[in-house]
Structure formats: C-alpha cells, structure tokens
Amino acid sequence: MQPCSETLSQLASALARAQAELENPEKLLTATIISPFPREESRTFRYASLASGLEIVRKCLTKHEIATVQATTIDAETGLIKLTTTLLHSSGEWIASDWPVCGVTETAAPHRMGAALTYARRYALFTLVGIAGEDDLDAPDVVADAPAAQPHAASGAKAKPANRRLNRDAVLELPQSAELRAQLVNQLASLTAGEDLLTWCKASLPLKNTLSEADARIVEAAYQAKLEEAAPSAAAAPVPAADDEAALQLALPAAPEAGIAHPKESPRKRSKAHLLFVCGQPCLVCQQTPCDAHHLKFAQPRALGRKVSDEFTVPLCRAHHQELHRQGNERAWWSNLQISPLPCAQQLWAASPVHDQTAIASAAPTTHLGSEASP
C-alpha cells in the first residue's frame, strides 16, 4: 500500500501545529509481564489506555482539520491480520501506517485477537501522531539499589566492574536455606539408584542454586554419596584375570565428578514409522490435516546437535508449526493456547504402530545366509 499522498505540505503544516498542543496521556494502568523462565523475575510497567489516548488525539487533531481512521485487512501471502492507521486532512492529503496484529488462525480465539488488536491500535496511533503512552523498558535499571563500591586498601588497585547480570539467582536467607537443604537431603536419602536420581536432579537443581554456599555444598556431597552408593563397589566385584582387559575396565569404579552431575542419559529413540503415524493425526490446535511431526524441545535436556526422542512429537499443521517456531518461547506458546502437549505425545507413543513392528520383528524366525524366508 502507498504510505502517503503525492503531496503532504498542508497535512504536515497542520500536524506540526497539532503536535505543539498534544500531550502524552496519563499512565494510570499497570501491567505485569510474567516471565516463563524460573530464574527471570516478572516486570511491571505503567501505560495509558487506548480510550484516554483517543480522547486527547481527537480533540487536538480535529481542531486542525485532521481525522484518524483505523481499518484491518488480511494479507493472503503472509497469513497475517494487519491494521492500517491513516491521518486524513481536509485538503485530501493523507499519511498511513501498517501494523501487524496477529495470524489469521487467531480468529479461532476472539479474545486473544481482540487483545492484540487493541494493543496494535494504541501503538500505531500513538506512534503516528508522536506521543508516548507507556514506560520505556528498553534500558531498565538492572542495578537499582546496588551497594556503593568499597575502597581498596592497596593503592593503585583497579576497581572490579559491578555485576550487571539480569538473570541472577535469588539466594535464600539462612533459615529458609537450611530448611530447603534439609528437605533436599531427606529426598535424596529416600531415592533409589538410576532413573530416580536423574529425575530428582532435573527437578531440584534450580532449587539447589538458591541455597547458601555452605548448604549447597552439603546437598552436593549428599548427591555424590548417593551416586557412589549406586555405583558397583570395586571391593565387592570379583577380581578379574590380569590378561582380561575388558573385565578389568568393568571392575574399575567410575571417577567422581565435582558438584551435582547427571547420570548417563539413555539413548534417544528414532522411528520413521512413528513420525508418519503422528503426521497422520489432526493438528492439536485447529484439528486440521495434514500435519507435521513437531518435536517438543523442552521434553528432554538439550544436547548439541541432537533432537529430543521421536516419542516426544505431536501433530501440528504447517501454519501453527511455523507460528510456533516464530514465537521462539515454546512453553509460553503452549501455555497461551491452554494445551498440555506432553500427555498428548505420550498417548500417541502408546498407540503408535512402532510397538507392533517391534513385536513382529522380535517374533520373526532367524534365517541363515543363502536361505529364503518362507512366504
């Protein structure tokens, strides 16, 4: 779309006079952005409503013969709903601005589409007339209430820069830290070896990071002792023959690792038959077919160059699959849709034909080289 008329002299003159009178609307509302990450704190900011901004803009612009029009269109190429905000002058001159609202698929959830449209109308109008209706969050004060730098005793010593890391773990007070430490140690004492230790470690590692240094070392020592208890003892193992190198390697105990370590992860499962089965299911969001088999990235710990197991896949149509990858934050995307994908993936894996193929393969008779299997 053409962004403006061929001439803008009269509109520019009228808009300049109007902007000399325009004032920013009062920020009477407060919003809270809840972070989906446990280590990142929520943020709050103040903003002005669309109604209060419209009241100021209309009163001022109409005095200078300028009208505002906001209309929506659907872009067939990108599948997005777009908002076009236009300033019209009585002379016929105009200037417009396009703003993306949401995907066409959001029409299935009118409340989310309405919220996105209100957000877009406010930002587009305020930007076009040159006012601000929200707090500036581009450069938040990440070191508010930071203690003053301590002077160094030695002359000529260089001052260390302040730690300005945003996602800093909040360390508990000593009583709360001791209580959490006792709880984690008791949980460790009741666990068995193997998979229980891995599950506990995944769930409790963020909690351990909130302990004081002394309490964290106690939990690490308890975890290390539990790992050594699960490992085969060298004294209990039979003494291998001197020339049996393989047996000697099995008898040696595993070297201890510093801090809390994850036990070795089981191999990740791969099955083309299961992926084809998932692709034949309806989309979890819109029930459309055909679908892609999407791997749930948060189902297993990240590994360099390795996807999660094929058992953690769910069907998504191409439009929702691309929307999810554009979102970036997968947990937040599923949470906004109020869908729990992990139970769906487990149900699909349980019903997958891959189990039948495994059973058939294990029951098939062994054929010798040069012979043919009976039909």
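**View 1. Helices α2 and α3 cross with left-handed geometry, where left-handed means that the near helix is turned anticlockwise from the far one by less than a right angle.** This is a predicted model, in which local features need pLDDT of at least 70 and side-chain atom pairs count only at pLDDT 80 or more, while totals for chains, interfaces and linings use all residues. Residues are numbered from 1 along each chain as its sequence is written, and side-chain values use heavy atoms, with hydrogens and water left out. Helices (H or I, at least four residues) and strands (E, at least two) are DSSP runs numbered from the N terminus. Helix α2 (residues 50-63) packs against α3 at an angle of about 35°, with the axes 10 Å apart; axes are lines fitted to C-alpha atoms, for helices over the stretch in contact, and angles run from 0 to 180 degrees between N-to-C directions.

**View 2. The contact of α2 with α3 involves residues of both helices.** From α2 come L50, G53, L54, V57 and L61, and from α3 come T118, R121, R122, L125, F126 and V129, contact meaning heavy atoms within 4.5 Å.

**View 3. Strands β3, β4 and β5 form an open antiparallel sheet, in the order β3-β4-β5.** Two strands pair if DSSP finds at least two bridges between them. The edge strands, β3 (66-75) and β5 (94-103), each pair on one side only. Between β4 (residues 80-89) and β5 there are 9 bridges, and T86 has A96 of β5 as its bridge partner.

**View 4. Helix α1 (residues 9-19) packs on the sheet, where it touches β3, β4 and β5.** The direction of α1 makes about 90° with that of β4.
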